[in-house]
Structures are given as C-alpha cells and as structure tokens.
Number of protein chains: 2
Amino acid sequence: MEGPLLTDLYQFSMLDAYWAQDMTETAVFEFFVRRLPARRGFLMAAGLEQVIDYLETLCFGAEEIGQLRRCGRFGDDFLDRLAAFRFTGDVDALPEGTIFFADEPAIRVTAPLPQAQLVESRLVNLLHFQTLVASKAARMVLAAPGKQLVDFGMRRAHGAEAALLAARACYLAGFDGTATLAAGIRFDIPVFGTMAHSFIQAHDSEAEAFEHFARARPQGVTLLIDTYDTERAAELVTRVAPRLKADGIAIQAVRLDSGDLGGHARKVRAILDAAGLHEISIFASGGLDEDQLAAFTRDQVPIDGYGIGTCLTTSYDAPALDCAYKLQEYGGVPRRKQSEGKATWPGRKQVWRRLRDGRMAGDLLAQHGAPHRGYPLLRPVMRDGRRIGGAPSLDTAREHASAELGILPVSLKALLPTSYPVEVDMSLKLLAAECDQRIAERNCTL
Amino acid sequence: MEGPLLTDLYQFSMLDAYWAQDMTETAVFEFFVRRLPARRGFLMAAGLEQVIDYLETLCFGAEEIGQLRRCGRFGDDFLDRLAAFRFTGDVDALPEGTIFFADEPAIRVTAPLPQAQLVESRLVNLLHFQTLVASKAARMVLAAPGKQLVDFGMRRAHGAEAALLAARACYLAGFDGTATLAAGIRFDIPVFGTMAHSFIQAHDSEAEAFEHFARARPQGVTLLIDTYDTERAAELVTRVAPRLKADGIAIQAVRLDSGDLGGHARKVRAILDAAGLHEISIFASGGLDEDQLAAFTRDQVPIDGYGIGTCLTTSYDAPALDCAYKLQEYGGVPRRKQSEGKATWPGRKQVWRRLRDGRMAGDLLAQHGAPHRGYPLLRPVMRDGRRIGGAPSLDTAREHASAELGILPVSLKALLPTSYPVEVDMSLKLLAAECDQRIAERNCTL
C-alpha cells in the first residue's frame, strides 16, 4: 500500500529517459505552496518525518521489479538499474510545526536528477496532507484556547492513511489527542473515547445504558446524552451519578452531539450544577469547525472540550493546497517554469524571518547562501541519503508548533486573517530575469 | 496500517460493555447518507468490495492483542475474547455502481451486536470515501461524453490509500484509467502517463527535451507543451514530428496544463492541423472540475482527453458526505435515534425503484419484507460471514455503473440537478411512531 510503486507512471518514464541520456547531474527541487486557500493566513509545516522515512527506505525489491516487468512497459536494463536505486541526496526543510507562507519552500531536495525526480509524487502526497491538516487544526487551537480538542475524524477521513496521519498532524498542531486507536498506538498520541448512540439505543432505557456502561468501563466515564432528549438525559445523569459514586465510580463528562450545542450546554451545565455535579465536564461534537469554536469561546459557552471530525480530517473548507514540487536548478544552472499563473522563482532559496517585540514581523525569500536579517527557516535534515541526528519526537515538534503559534502576529491569529509580508529579494528577481533570457535564447535557435 | 486496530477507541469500550452484559443478540445496522451535498443530484455506491474483504478477514492476531494489552485499557478476559473474534454476520447492499439518494441504505449489516458495532468505523471509512469519489467522478463522466478521462490526483489525495481507492472509484464510475502506477497494478486499471515540466526544464531547450523523451519512450508519446510558451511549443512539435516519424516514432498527443486551456487548445489544434498532424490529439490538465469539462463540451473545444487531479480525488467542492451507520433493530425490536436533525427511520429497510420509459422514475423506502412496485436495490452479499458467490470484477461493476448512468432521469444528469422523488412508505412512518412511543414509556419510568 505504501510501497515504492505508489507513484505516477510518468516518474518511471522520465527516469528511463534520464538514464538513457545519462542526465544524472545534481538537481534541486523545492516544495512550496503557490497561494494560500481563502481564509488561511498561514500554513503549518507537517509531514517531514514521513518524507524522511520514505527517502531513507526507498528501494525496489524483487516483488516490485517483478510487477514492473509483468506490466511490460520497461526494459531489462531499466529494471536492473531500478533494483539498485537508492536515494543518496540531501534534504533541507522547515522543522515540523514551523509557520510558513505562499512561495516559501518547505523542503528542498538536492540529489542526482533521477532520484530527486522519482520521489516527487509520494513526497508531495505526504507533505501536502499533513500540512493541510496541521494548518486547519492550528486554526481550531487558536479558536478554542484552554479547551480540550480531540480528533474524532477517522470515519470520514479519506482512507486509512489519512485517518492516521490526520491524527498525527492535529496533535502536532496542538490537539490533545485522537479517538483513532491505531494512531494512538503508532504515534504515541493520547487516545480518547466515549460511546455511540447505538449503545443507548440497544438498551431498553437510557438510564440502564448509562449505568451499564459506567460499571463496565469505570475509568473516565463519558456519557452521550443526546440520543432522545438532551436535558432529560442530563437529569437522568444527576440521578445515576450518586448511585455510581456510592460504588466508587465517577462520571467524568457528558457529551452533546446534535442540535444547538451552545444552548444545550448552558441548560445541561445548569442541571448538573444544581445537583452539585460541578466536576462533570461537558464535551461537544457534531460537525464542528473553527468558526463554531470561536463563537463558543466568544460567548463563554460552558463546554470544556470538543471532538472534531470531518471538518478537521478533510480540511473541509479547503481540502487541498495549491502546492508544487518544482525543479529550481540542474547541473549548476538555475531553472524556471514560465507557465501562465504558475511561474516559479529559480534557484536554491532560503527564507529569512524577522521578529519584532517577540512576534513575526516579515519574511524575506532570498537566494540560498548570503545571510540576511533575521534567522533562516530551512535547516539541514538529511545528507547523502542519511538523516542528520535522530528523528525529533512528535512531542518536540508539538512544542515547536506551540512556540510558533505563540509568535504569530495578532492579525494572523484571527479566523479572517490579514496578509503577512513576504518580500522577494532583488537577487532572486535578477536571477529570474537571467533565466528568462537564457530560455528565450535557447528556444529560438531550433 | 489497515490493521484491525484502525478503529475508534469507543468501539472496544462498547464491545467490552456488551460482552460484560452478554448483549449479543442480533443487531441490524444500516449505512446511509443523511442529505446530499449541494449540487449533487445523486450518489454512486462504491467501496463495497473493500468492506467485504475487511469483514471476511477481520481478526486480532497476537501482535494486536499485545498492543492492546500494553496500552493497559483492557482486561485479560476481554482480550481473550477479542482474540477469538470473527465476523459471522450477514450483509445486504447496493451493488457497486448503483445510483442512490439520501436516507436510502447502501449497506445493511445483520450480526450479533458486538460484531455489527465493532466494524462501524472502518466500514464507514471505506464506503464513505469511494462513494464520495465515484459520485464526483460520475459528474465528470456525464460532463465530458466521449472524452478520455484519467485520474491525475495521487499527489494531493489524502494519503496512500486515498490515492489508490480514488483511482479505483473513478474507474468504476467511468474514467478510462489512472496515472497512479500502484493502483493500476493492484486493481488492473489502465495506467497513463506523460512527463513533468521538470523534464523540459532540465534540458537546455524544449526541442531537445521533446526528442529525447520520444526516443527514450517511443510508445504513446505525449509531450507537455506549456512550460514556456504553449503555441511556440506546438510549432516546435510540428518540426520535431517529421524527424521522429522518419524513425518510426509517432507523437500521440500534446498536453496543456496551464492558462486558458480552451483558447490554447484551439490555437494548438490549428497549428497541428496546418502541419497535417491531425492524428496528434490534445490532452488537458490543471485544476479541472466538471464545470470546466461541461463548458468545454458545450463550446466544442478541441480537447480529446482530460487529466483530472485534485478536484476528483479530494471531491474538492464537497470533500465529505453526511453519512451514518445506525442501529435500526436489536433483539427483534426496531430502534430509532431521535437526536435533533439526525433522527433515523427504524427497522430493516429496502429500497424499491420504479422505471418509466427506461429511466428512473422514483424510489420507495419501505420496511424490508413485503414487495412493492419496481425492483429492490439491496441484494444479499454475505451470509454467516462468507461472501455469496465470487467477488464481481471491477469491470463488471463499471458496466453496472455505466448502465445506471444510462437510466438517470435527464434532470439528474445536469450539473445543477433537480431533486429525485424518494417516498417513505406509510408502514415505516407508523413504525417510527411506535418506536417513539416505546422510547417515551421506557424512559419515563426511571
């Protein structure tokens, strides 16, 4: 499923052509986002760890070579060479959790052309999705300060890997955990769970369902109270709670999942408080997005935590980023694509960020090499096909993400953000002009 | 990655509680979509094969039991029982490719309660995504009759499985193939490929790149012509083509990927035709959706095929369906959820479809059992945990999908469709009222 054949056919066609022509000089590719989706003021880099794992382990075993042979598109020489393929290049990248903007490279791959080309499809697939989800999750984290946020999105995530990587990406961005058990185990993320409506429905009465559940699973009991009538179920909780408490079982929370969540939360809070059950918290779910979280925060709705599903794991309002992985240099010569609306800045680049009063004040996109004001964002991650140092833990990346959200300009923390200044250094503009001239000369002389 | 722990934690909590209370009578769950997304007139069922595979093979091996033991949430009795878990139930479902509408069950699972409950998360995850993509792809198939349609969406699909299953779902709905090699191999789908802009950029001139590519990969040559200047590159093709032809190499197509695709296509067609190269077809890609396809069809733009990426594999305008998998019966008693805006029709259901003049004229949602006018849509697929008969081939499902699109009412073929009549049988309404009364009685007597 995640094997090395998970790529576009054209990567192999190009590889074949490059090898046939011995075009194996050093190429530089950069991954960047052309423009931010509507309502996104910033992006949060995520997915680098999976990319590095992919690059370190990429090879074609006997099974894959056999499959390629059987499909009849490739010759023996090509397949022999493919069997010996390894990624031996360098990677520089934004650490996971770093805030970035349009046109800023999030990763730079420097490798022999066939290698740097072949890895495109999966590299984009991995970086795009986690960056998409982390960027969406960060908006939710900003919209609900101090609230518990849990990923509930596995069922409507786009397949198995999306469910797992969305859980990772939102935890990185500041979520507290996930309901997806496999993601919890794989990435060591806290796992949360409540109960489904079917559990209530399968019992003859709601009270019976509550008691049975609490006695069977007495740790961290969360009762779902909207199956029939939310307020009536909250009253029921006040009657069940003392019986359970007598047996040493505490109800930790109730969950609302439908209707006017804010209105129900206030009524339920009042019912619980009137019974002295201040310690039972209120958890809400059901089609939530960052706008609703922000409204609840503004209105001081008494909800203590949120389970967020579809809007998070599909990045519902913007389910894709306009991203690209483009050749910027080959054989020491900067390269540029001139396609309408998709022209690129040529050459190896670095992003320099300036702070003012502890907050981000502006970025400069410049040619790699000469230093500029501020600090550089792209860091060395891989050299000669090997990771530099150990893999940072997910919690380390999560702390970095939190620090990044902490230095965001106030205007970018809003859900309808203003734009952030990213300047393009004059040297890059001159380089682009040089590229244009060279392309014009070369292509007029046929 | 696709292991049995890919589920929500609460499934295990409920399983534990059900086993503790010996609640193992027969449960009936149905998967349905509550309402169609804006601009969708119908849905196309897809993903059933992956669901059946999942149900047939679901078990917890020593590795998974060990992981669950280490996470400390479950007792030995539960884990021993889980180690013996198998799905032994029945499944009735819409064949893949069937058109369906809101509230109509696409799959019905009848099994002991713990089994029918446990499979919820992954079943929804599998059915939701392929149905989402097949439904989107069907709109594209309708919008571009007679054109070649190829899935180009791997890189921005949400992870590995999304890329693979999107390729499958769109082929089922009528696409001609995919660029994703692994999907082609896994599902025996035709694979298509061209070249990337980087291939052009890496060469000193576009003409050189074209010739090198065609000579290295002489079968089905498609040249990408928008890297610098589309029309100039088309002129170039007219000069390269005769040289290649002299060596027995035919250029099959040129690809446009940016700018005003319709305008460029007309100019490029004229350039190619003027050179007598009528046999070179024009293939277009770059952010295409069904609206653009429909506009090109209406305007008779000379494009012969389309590569469609992000809009297809993410179902960009509606990246999720409001779907649910709900308990409809337990222990012989119909069950109903009454939550605001999410109430369900109780009991086992069947959908009866009427045709008029060879086209769909209306559906009836009725209690399972008694026959009604028309023909029933849900068919037996699995009994006692085993598939009935062999798995239908993907091509068989694709033929069924094509036949289904053929009997769509004309009004549903439009991209802004009208609604389709789905009636709810009186017996179901009476059953719902009975459920409501029973729930009220049971829950007032605490």
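## Polar contacts across the interface

Between chain B and chain A, 53 residue pairs are in polar contact, both residues at pLDDT 80 or more. A polar contact here is a pair of N or O atoms within 3.5 Å; within protein, one must be able to donate a hydrogen and the other to accept it, and residues adjacent in sequence count only if both atoms are side-chain atoms. Helix 1 (residues 9-20) of chain B gives the largest share of the side of chain B that touches chain A, with 10 residues. Helices (H or I, at least four residues) and strands (E, at least two) are DSSP runs, numbered from the N terminus.

By type, that side of chain B splits into 49 nonpolar, 31 polar and 29 charged residues. Nonpolar covers Ala, Val, Leu, Ile, Met, Phe, Trp, Tyr, Cys and Pro, charged covers Asp, Glu, Lys and Arg, and the others, Gly among them, are polar.

## Ground rules

Keep in mind that this is a predicted model: local features need pLDDT of at least 70, side-chain atom pairs count only at pLDDT 80 or more, and totals for chains, interfaces and linings use all residues. Residues are numbered from 1 along each chain as its sequence is written, chains are lettered from A and ligands numbered from 1 in the order in which they are written, and side-chain values use heavy atoms, with hydrogens and water left out.

## How the chains meet

In contact terms (heavy atoms within 4.5 Å), 109 residues of chain B touch 109 residues of chain A. The two chains bury about 9,300 Å² between them, 57% of it on carbon and sulfur atoms; buried area is the accessible area (1.4 Å probe) that two parts lose on being put together, summed over both.

## Salt bridges

A salt bridge needs a side-chain nitrogen of Lys or Arg within 4 Å of a carboxyl oxygen of Asp or Glu. Glu120(A) and Arg155(B) pair up at 3.0 Å, N to O.

Within chain B, Glu30(B) bridges to Lys349(B), with the closest N and O atoms 2.9 Å apart. This pair ties together distant parts of the chain, 319 residues apart: Glu30(B) is in strand 1 (residues 26-35) and Lys349(B) in strand 14 (residues 349-356).
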